[in-house]
Amino acid sequence: MSFLTLSHIHKAFGTAVAVQSFDLGIEKGEFVAFLGPSGCGKTTVLRMIAGFEQPTTGTITIDNADITRVPANKRKIGMVFQQYALFPNMTVIENISFGLKIAGASRQEMHSRATEMLQIIGMLEFAGRYPSQLSGGQQQRVALARALAIRPQVLLLDEPLSALDAKIRTSLRQEIRSIQRQLGITTVFVTHDQEEALSIADRIVVMNKGNIEQVGSPRDIYNQPGTQFVASFIGTLNVINAAVSDETAGHIALDGQTVRTADALGGLGQRVAIALRPESIALNPEPNGGNSVTATVDEIYFLGSVVRIRTRLREQYLNVDTFNSPGFVPPARGEAVQLGFAESAVKVLHDHDTTRGSAPS
């Protein structure tokens with residue numbers, strides 16, 4: 001049985017349903033990210049695990065113990081919030097010791113544990129400073145150390161990096177992952193930032209409108225999206241409307257050109273939507289027997305290490321991503337180019353509404 005289990009969780013606020021049909025098992029020591037747009041229910045689930053909200057129905061267990069109705073202060077859970085929540089009148093070491101003090105630990109134990117946490121987060125020399133004397137990243141490290149000082153069974157992080165600038169976010173998320181592995185603590189990390197989730201989680205739970213859309217490793221979520229929502233939400237995606245021209249051979253008619261897919265198809269003439277990742281498309285490739293279509297360069301975007309080339313077929317667009325190497329010379333706007341991609345890269349989205357059309361950004 002999983003270490004942390006959420007079974008048949010449903011949460012409603014009056015007539016508004018925030019979470020429904022939520023079932024999830026998390027193993028001991030696992031790092032799981034809840035990912036989804038604002039309002040999808042991910043923070044509500046986190047707050048139910050913490051005990052700040054009660055499920056309308058369903059149960060939550062930790063290490064086989066039912067904690068569904070256990071008060072928040074009786075659960076061995078560490079929580080790190082988005083806005084640090086440090087006590088401004090306490091020093092760093094006093095903030096880290098606070099939970100231990102509430103639990104009745106001795107002064108010696110508090111000092112020993114807080115010092116250990118300061119060493120883990122690399123801030124031993126800041127023990128006597130106050131929060132106002134720290135940077136945002138340093139304050140979040142202290143908040144993390146405070147949550148870990150009580151030796152919680154589960155660590156919960158509610159978008160802890162969103163208030164920080166991009167460079168600090170990248171550094172701190174790596175530190176969080178390193179500390180989590182070092183301590184072997186079961187961790188749930190809530191974020192709307194797909195890069196954060198993909199870079200540090202063992203598994204990702206993609207949520208939408210209170211439901212779980214898909215659960216899987218970062219690699220599976222990105223490469224094998226289970227629904228059109230997941231495919232569109234994770235990474236950049238080309239979604240193109242097409243029609244089945246030969247279901248036996250896997251042929252699809254795409255703006256007057258034929259492409260092949262390894263996915264199953266319906267009957268002749270059926271309207272479908274296909275998905276292609278920009279990085280799976282090669283610009284002017286050598287002939288290799290894969291798919292090849294002709295397109296016209298519409299726009300070019302320099303994104304640092306990547307160059308995104310927006311191309312037009314007849315009525316629809318395809319984004320192509322290529323590395324910005326020193327010797328790369330992008331094609332000119334209006335230039336005709338060949339686009340190559342494997343059959344396996346063409347994913348048929350059976351749950352997509354093909355009446356809406358597509359123009360990738």
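Biologist: Which elements each supply at least two residues of the lining of the largest pocket?
Modeller: This is a predicted model, in which local features need pLDDT of at least 70 and side-chain atom pairs count only at 80 or more, while totals for chains, interfaces and linings use all residues. Residues are numbered from 1 along each chain as its sequence is written, and side-chain values use heavy atoms, without hydrogens or water. With helices (DSSP H or I, at least four residues) and strands (E, at least two) numbered from the N terminus, the elements are β6 (77-80), α2 (92-102) and α4 (136-149).

Biologist: Which element gives the largest share of that lining, and how many residues?
Modeller: A lining residue has an atom within 4 Å of a pocket point. The lining of the largest pocket has 24 residues, with Arg75, Ile77, Gly78, Gly99 and Ile150 nearest its centre. The largest share comes from α2, with 4 residues.

Biologist: How many residues of the lining of the largest pocket are nonpolar?
Modeller: The largest pocket holds about 730 Å³ of space. In its lining, 3 residues are polar and 5 charged, and the nonpolar ones number 16.

Biologist: Which element gives the most to the lining of the second largest pocket?
Modeller: This second pocket has a volume of about 200 Å³, and its lining includes Met90, Phe98, Arg107 and His111. Two or more residues come from each of α2 and α3 (107-120). With 5 residues, the element that gives the most is α2.

Biologist: How many residues of the lining of the second largest pocket are charged?
Modeller: Among the residues lining the second largest pocket are Glu94, Lys101 and Arg107. By class, this lining has 5 nonpolar and 2 polar residues, and the charged ones number 3.

Notes
On a 1 Å grid over the protein atoms alone, a cavity is a set of points where a 1.4 Å probe fits but cannot get out, and a pocket is an open set with protein on both sides within 12 Å along at least five of seven lines; lining residues have an atom within 4 Å of a point. Grid points are joined across faces, edges and corners, and a volume is the space filled by probe spheres set on the points. Ala, Val, Leu, Ile, Met, Phe, Trp, Tyr, Cys and Pro count as nonpolar, Asp, Glu, Lys and Arg as charged, and the others, Gly among them, as polar.
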